[in-house]
Amino acid sequence: MAGETSGRAGRIALFLLIANGLLFGTFLGLQYWGGRDRSLPEFNADKIRLLEHPPGKTRPGAATPASVEASDAARAESALCFRVAGMDPARYQAFREVLAKLDVGGGRYSLLTDNKFPWWTYWPPEYEAEQRDAVVKKIALAGVRDVLPITKGPMAQSFSLGMFPVEAQARAQRDSLRQKGLEKVEYGIRPGIGAFRIRLDPESPARAQALKAIMPAWAETVEPQACGL
């Protein structure tokens, strides 16, 4: 009777030992697999990454060398260069009207000249002596010191109120002086400063041809290299 009891106890102990071993092994397996990144299986992760961007293909939106070269070639084909022997305010205004007809924005062209200060702000001509005296006093009251009466040329009897290298500066000065009460102040190309070159990027060959067709006769078409294109 005692031997039968001890034999049953031995079998129970052996069963518990095996069960504990299986449970511990299962726990270790879960710890191992649970800590791994299962988003890409290890054996084919590199293959999957290669399939996302296969050789010979670019990602969406990326410019290929061929497309960049084609874009540069189209831009070069549409680029224009004009030479104006004598630019003046009237011709500049006519030029801007031509651009407006084809909806060419200010960022699509540049005016090139050897003169360092081709732009100016000015008070238009006053032909009566009394009126000129009144303008001089008004300018002084506005605190403007950079004033030069123009006595010769097409703008005689006007007043220069500053010369600038770029259009934006002249326009800003015009706006500033108007805010000070000098409501008649204008800005533009200085008269009699020599030849200008106009560099244009109309964005397409078709628009380039349209511009050439309606550009005034005084704007001579020259090789793009003359404008650094």
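Is arginine 178 buried, exposed or partly exposed, and what is its relative accessible area? Arginine 178 is partly exposed, with a relative accessible area of 34%; buried means under 20% relative accessible area, exposed over 50%, and partly exposed in between (1.4 Å probe, protein chains only).

This is a predicted model, in which local features need pLDDT of at least 70 and side-chain atom pairs count only at pLDDT 80 or more, while totals for chains, interfaces and linings use all residues. Residues are numbered from 1 along each chain as its sequence is written, and side-chain values use heavy atoms, with hydrogens and water left out.

A salt bridge is defined here as a side-chain nitrogen of Lys or Arg within 4 Å of a carboxyl oxygen of Asp or Glu. Glutamate 186 is partly exposed, at a relative accessible area of 30%. Over the whole structure, the search finds seven salt bridges.

**Next selection: glutamate 183 and lysine 138**

Select glutamate 183 and lysine 138, which form a salt bridge with 3.0 Å between the closest N and O atoms. This pair links distant parts of the chain, 45 residues apart: glutamate 183 sits in the loop between helix H6 (167-179) and strand S6 (186-189), and lysine 138 in helix H5 (residues 129-141). Helices (H or I, at least four residues) and strands (E, at least two) are DSSP runs, numbered from the N terminus. Glutamate 183 is partly exposed at 45%, and lysine 138 is partly exposed at 33%.

**Next selection: helix H6**

Within helix H6, select arginine 171 and glutamate 167, which lie four residues apart, about one turn of the helix. Their side chains meet in a salt bridge at 3.7 Å, N to O. Arginine 171 is partly exposed at 32% relative accessibility, whereas glutamate 167 counts as buried at 14%.

Select cysteine 81 and cysteine 227, whose sulfur atoms are 2.0 Å apart. Cysteine 81 lies in strand S1 (residues 80-84) and cysteine 227 in the segment after strand S8 (219-221), so the pair ties together parts that are 146 residues apart in sequence. The torsion about the S-S bond is about 70 degrees, and the disulfide is therefore right-handed. Cysteine 81 is buried at 1% relative accessibility, and cysteine 227 is buried at 3%.

Technical notes
Disulfide = S-S within 2.5 Å.
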